[in-house]
Amino acid sequence: MWAGWCVKVVCDHLNLGVKTGLPYVWHDKASNPFVNLKKEYNGLFWQEEIIPFFQSLVLPKECTNA
């Protein structure tokens, strides 16, 4: 997710499109949602703090390539 937000900021700055939506690769591997939640729990809180950072980030006009 973090990398996706970084790429989105750069692409917006360069006026490039970003495709969002369902993943191109789908897997049906069975997993335990409670185990996954335990692993990702802290990320939910970090996400609330980092999203405003990415929303407020402005790159200088001189940055014209990635």
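A salt bridge here is a side-chain nitrogen of Lys or Arg within 4 Å of a carboxyl oxygen of Asp or Glu. The model is predicted, so local features need pLDDT of at least 70, side-chain atom pairs count only at pLDDT 80 or more, and totals for chains, interfaces and linings use all residues. Residues are numbered from 1 along each chain as its sequence is written, and side-chain values use heavy atoms, with hydrogens and water left out.

**View 1. A salt bridge joins Lys8 and Asp12.**
The search of the whole structure finds 1 salt bridge. The side chains of Lys8 and Asp12 meet at 2.7 Å, N to O. Both residues lie in helix α1, 4 residues apart, about one turn of the helix. Helices (H or I, at least four residues) and strands (E, at least two) are DSSP runs, numbered from the N terminus. An α-helix has 3.6 residues a turn, so residues three or four places apart point the same way. Side chains of opposite charge can pair when their charged atoms come close. Lys8 is partly exposed at 35% relative accessible area. Asp12 is also partly exposed, at 40%. Buried means under 20% relative accessible area, exposed means over 50%, and partly exposed lies in between (1.4 Å probe, protein chains only).

**View 2. Helix α1 and the residue just after it.**
Helix α1 covers residues 2-13. It has 12 residues and reaches 17 Å from its first C-alpha to its last. That is close to the 16 Å expected at 1.5 Å a residue. The expected span is 1.5 Å times one less than the number of residues. Just after α1, Asn15 takes a positive phi of about 60 degrees. Asn15 is not a glycine. Most residues other than glycine have a negative phi, and most peptide bonds are trans. Asn15 sits in the loop between α1 and α2. At 72% relative accessibility, Asn15 counts as exposed.

**View 3. Val18 in the loop between α1 and α2.**
Val18 is partly exposed, with a relative accessible area of 37%. Val18 and Val7 are 11 residues apart along the chain. Their C-alpha atoms are separated by 8.6 Å.

**View 4. Ring pairs link Trp2, Trp5, Phe53 and Phe54 into a cluster.**
The whole structure holds 4 aromatic pairs. One of them is Trp2 with Trp5, edge-to-face, at 5.4 Å centre to centre and 80 degrees between the planes. Rings of Phe, Tyr and Trp (its six-membered ring) pair if their centres lie within 6.5 Å; planes under 30 degrees apart count as stacked, over 60 as edge-to-face and the rest as tilted. Trp2 and Trp5 both lie in α1, 3 residues apart, about one turn of the helix. Trp2 is partly exposed at 36%. Trp5 is partly exposed at 23%. Phe53 and Phe54 also form an edge-to-face pair, with ring centres 5.3 Å apart and planes at 70 degrees. Phe53 is partly exposed, at 42%. Phe54, at 13%, counts as buried.

**View 5. A nonpolar surface patch includes Trp2 and Trp46.**
Patches are made of residues with over 30% relative accessible area and no salt bridge: like charges are joined within 9 Å, nonpolar side chains (Val, Leu, Ile, Met, Phe, Trp, Tyr) within 5 Å. Accessible areas come from the Shrake-Rupley method with a 1.4 Å probe; for residues, only the protein chains shown count as cover. Helix α2 (residues 33-56) gives the largest share of the patch, 5 residues. Trp46 lies in this helix.

**View 6. Ile50 of helix α2 and Lys8.**
Ile50 has its place in helix α2. At 26% relative accessibility, Ile50 counts as partly exposed. Ile50 and Lys8 are 42 residues apart along the chain. Their C-alpha atoms are separated by 14 Å.

**View 7. Cysteines without a disulfide.**
A disulfide is a pair of cysteine sulfur atoms within 2.5 Å. By this rule the count is 0. The sulfur of Cys11 is 11 Å from the closest cysteine sulfur, in Cys6, too far for a bond. Cys11 is buried at 14% relative accessible area. Cys63 is in no disulfide either; the nearest cysteine sulfur, that of Cys11, is 14 Å away. Cys63 is partly exposed, at 34%.
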